[in-house]
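Please keep the structure open while you go through this note. Take the points one by one and find each place on screen.

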Amino acid sequence: MASTITKVPLPQVVLSEGFWASRQQLMTDVTIPYMERILRDEVPGAAKSHAIENFRMAAGEQQGEFYGMVFQDSDVAKWLEAAAYSLCIHPDEALAARVRDIVALIGRAQQPDGYLDTYFTVRHVIPRWTNLLECHELYCAGHLIEAAVALHEAAGMDELLHIVLRLVDHIDARFGEGGVEGIPGHQEIELALLRLYRVTGDPRHRDLALRFLNLRGQDPEFFKKHTPKETLGLAFGDYGIDPEDNVYNQSDVPVREQQKPRGHAVRQVYMLAAMADAAATTGDAELAEACRRMFDAITQRQMYVTGNIGSTVHLEAFTDDYHLPGDTAYGETCASVAMAFFASSLLTLEPRAVYGDILELELYNGALAGMQLDGTRFFYVNPLEVHPRISGRLATHKHVLPVRPKWHACACCPPNLARLITSLGGYLYTEDERTLYAHLFIGSQAKTRHADVSLSTSMPWTGGAAFTMTAVHTPGFTFAVRIPGYARNVRFSVNGEALSPDIRSGYAYITRSWQAGDTVSVDFDMPARRLHADPRVRDAAGRVALARGPIVYCLESEDNGEELSCLRLPRDAEIRVPAHDPALLGGVTVLEADGLRLQPAPALYSEDAPAQTPVTLRAIPYYAWSNRSAGEMTVWIQEA
């Protein structure tokens, strides 16, 4: 049976105050206009994009050579999606006009049969659809579909929707039931088609998504058989993909039988998010169980404490259980965004607080660290330890940069983060016929089928929130509030009267005859916490990470001096929480503790233990690192 739980749509939720409202304003005022200038190659010193120019060439409006990655079109698509959400948050006719101009350009680049991909239209290197392994045609189509759905739902603009419906008709004619069997080399279109189905109600869109999912892994040699040798490497050059490596894109095992995360991290989790959406749409219990199994495998054995995933630069991939090196971590920003998508999709299957915990972990840590506080620089790779003499310099650490660049030659991450933050209102609530579920504590105003809700909170710096029913539509509904895993001494009250709600799977259920003005308050303590890794995580052995509420912290040399490896945190040291500092790093609460610093030894190896001196250790939120100087950083601290 299909799930009856649905998300409260983005246009019905407005972020009104606090931490995330200010970041959405940064997106609308700074980041989205900045990204548009990047796409037009108007930012000095930034890596070239040429993405808009590629569409102009595909439309026959100028001459030149295609530039960029084979999936360069997707940068424009993700920017359009973020712009759609921006228009929903902050209507801007000038931006809307520029969006229409770009959409019209995309329409002029579309081929008569509906095909749309500038790489193949401009380059003519190989026939289209002949190398699904490397060429990302379905991936780019997926992002265009998502942009079209976003423009339709969030901005009331349907021009791109008409374009992608022709594109999807073309894809369905080729790869749908009765057509050629095809598997996307990079999973993404599965997610997009299910989003499109929820808009159109056309079963062909749902069935095509299911066909792509169901075919994967049925023939482990699919890409070996269906990728002409003469096409290999033409799209990626030296980074060509081995068609015999069927683990890289998870094509070795049918999706319902997969047991542990393997291969390219973003591909894996995009696919899992699509599987969760498909399970919710169709009621496929076997698919839902595979999602639960894979979620547990990732979060319990292959996830960094910051929420980042992907342990190696080699193929941007998962490696093995408990292999989570800090200074060579990959932790791609896109992968954290994908985990947020996956966790949110799981919440439409069943309300389990652990899904909300991971969604929140990704938002405040793994994903948010990918952007500079000013909204104009971005990390692709998110390590847990950086040393400027090594990181970004040695061959083994070239991928680990100590400062965020203005842009990237492979720029999938920045617009991905932009579309996540601008669409955040759509992640706060889900609902079914009887229950309204609140998943995140983010200051907002929401209109749901059961009630209009005003949410006030000081999170992530102070624990708790107040939900006020400003209008009630179904008086006898149940209100279910997630209890975060880090919350201590949790208290609930309604209109100031304490109550003990029914607790199931980490959600507090409150059923009553609601009236306008009723306020549900949840308060909890957020003490500073020491996080210890499973001892099988070798890189974290004997070390500890600090956290408070949803925020994971790190140490920087800016606050603690050079050579962070010399610092020790005694096991009995109190972790202090000084007053919130609104002037530091955009406003943060730091953590402090009395620690030790080991002094340099007179010899490389010695029988004598290093001398030590007392110091004050100071930790800042991980998301805010590398915003002051290009110094050292570490999440894990050696315990004394």
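Predicted model: local features only at pLDDT ≥ 70, side-chain atom pairs only at ≥ 80, totals over all residues.

1. Start with helix α2, residues 51-58. This helix is mostly covered: seven of its eight residues are buried. They are A51, I52, E53, N54, F55, M57 and A58.

2. What do the buried residues of α2 pack against? Four helices take part: α1 (18-39), α3 (73-89), α4 (93-109) and α5 (118-123). Find each one on screen.

3. Look just past the end of α2. There, G60 takes a positive phi of about 75°.

4. Now go to H397. This residue lies in the loop between β3 (385-386) and α15 (413-422). Is H397 buried or exposed? Its relative accessibility is 10%, and buried means under 20%, so H397 counts as buried. Leaving out residues up to four places away in sequence, H397 touches D327, T328, I390, S391 and G392.

5. Next comes strand β13, residues 507-511. Four of its five residues are buried, so the rest of the structure largely encloses the strand.

6. Strand β13 pairs with β9 (residues 478-482). The pairing is antiparallel and runs over five bridges. Here F479 stands opposite I510 of β13.

7. Strand β12 (residues 502-504) also pairs with β13 in the antiparallel sense, over three bridges. In this pairing, I503 stands opposite A508 of β13. The hairpin of β12 and β13 has two residues between the strands. In that hairpin, S505 takes a positive phi near 50°.

Notes. Residues numbered from 1 in each chain as written. Heavy atoms only, no water. Buried < 20%, exposed > 50% of the residue type's maximum accessible area, 1.4 Å probe, protein only. Contact = heavy atoms within 4.5 Å. Pairing = 2+ DSSP bridges.
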